[in-house]
Amino acid sequence: MNQRCFNTSNNNLLVTVITPVYNAAQFLPDYLDSVLEQTWRPLQLICVDDESQDKSYDVLREYQARFDNSHIDFVLLQQTHSGQAEAFNKAFKAVKGDYITWCDADDLLHPNNIEEKAVYLIEHPDINMVRNNGIVVDGDTGRYLCDSARLKDKMTKNIFDDLFRDITYCYAGCYMLRANSFFSVYKDKKIPVSPEGQNIQLLFPLASMGKCGFIDDRLHTYMKRHNGHSSMSRSITERILRLKNFTQLKK
């Protein structure tokens, strides 16, 4: 792991973490603990409960005091079941951070995830976005499957074409954006809504405007679950519809 010397106690740059939550009660404690363990302060965590049918909202409420005691501004929002992109649009109204990152409620942020990326953006004022390496594990067994980044990913700074062609990774938990640059594109603080999620909408604008930095540290764990949205089994008709949805987003 690359070590950087940076006195985070002297900074006042706020990082906002956005997490949509839907029926993630069994995973939330591990994820929320990983946020509490972050080495960077100040932090703002915005969780948007998408009308979960399990105990997700109760778990979030139980963690509120712990965040207050850890000097993390914890914002808990609710919406009628509308999907991840709408959850982000709701969260954007509450964003106070200089930088924005996001993570799924069933993944894990390694302790220096946010610090490494925030420091990178501080040290590279000409870069509007940065991503890190991570690991992909089997969500059922915990078995390591692969790294998030391949050699080509590590060497590529202009990632727009690779994102467009879907040949690079876009895991939530691996990216951080400058808030002012991001909102200069989405002036109304709304991304296009799609059933296919939010990563394309979040990443395309800044990826098209310049380079993306890379940190070759494993700072995120993506839990590949067999019943997850990205890995679920789909019929031919469902695959065609998914392709159409992605094509529309890219347009």
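**Close-up 1. His 110 and the residues it touches in this predicted model.** His 110 sits in the loop between β5 (108–109) and α4 (113–123). Leaving aside neighbours within four places in sequence, His 110 is in contact with Gln 38, Arg 218, Leu 219, His 220 and Thr 221. Look for Arg 218 in particular: its backbone oxygen lies 2.7 Å from a polar atom of the His 110 side chain.

**Close-up 2. Helices α1 and α2 packed together.** Two packed helices are described by the angle between their axes and the distance between the axes. Here, α1 (residues 28–36) and α2 (residues 56–68) pack at an angle of about 25 degrees, and their axes are 10 Å apart. Angles under 35 degrees count as roughly parallel, so α1 is roughly parallel to α2. The crossing of the two helices is right-handed. Which residues in α1 meet α2? They are Leu 28, Pro 29, Leu 32, Asp 33, Val 35 and Leu 36, and they meet Ser 56, Val 59, Leu 60, Tyr 63, Arg 66 and Phe 67 in α2. The residues of this contact divide into 9 nonpolar, 1 polar and 2 charged.

**Close-up 3. Backbone details at Pro 42 and Glu 51.** Most residues other than glycine have a negative phi, and most peptide bonds are trans. With that in mind, find Pro 42 in the loop between α1 and β2 (43–49). A cis peptide bond joins Arg 41 to Pro 42, with omega at about 5 degrees. Next, find Glu 51 in the loop between β2 and α2. Glu 51 is not a glycine, yet its phi is positive, at about 55 degrees.

**Close-up 4. Residues 1–10 and the confidence of the model.** The chain averages a pLDDT of 89, and 85% of the residues score at least 70. Over residues 1–10, however, pLDDT stays under 50. For this stretch the model has 19 contacts beyond four places in sequence. Where pLDDT is low, the predicted coordinates should not be read in detail.

Technical notes:
Residues numbered from 1 in each chain as written. Predicted model: local features only at pLDDT ≥ 70, side-chain atom pairs only at ≥ 80, totals over all residues. Heavy atoms only, no water. Axes fitted to C-alpha atoms, helices over the stretch in contact; angles between N-to-C directions. Helix = DSSP H or I, 4+ residues; strand = E, 2+ residues; numbered from the N terminus. Parallel < 35°, antiparallel > 145°, perpendicular 65-115°, else oblique. Left-handed = near helix turned anticlockwise from the far one by under 90°. Contact = heavy atoms within 4.5 Å. Nonpolar A, V, L, I, M, F, W, Y, C, P; charged D, E, K, R; others polar. Polar contact = N/O pair within 3.5 Å; in protein donor to acceptor, adjacent residues only side chain to side chain. pLDDT = per-residue confidence, 0-100.
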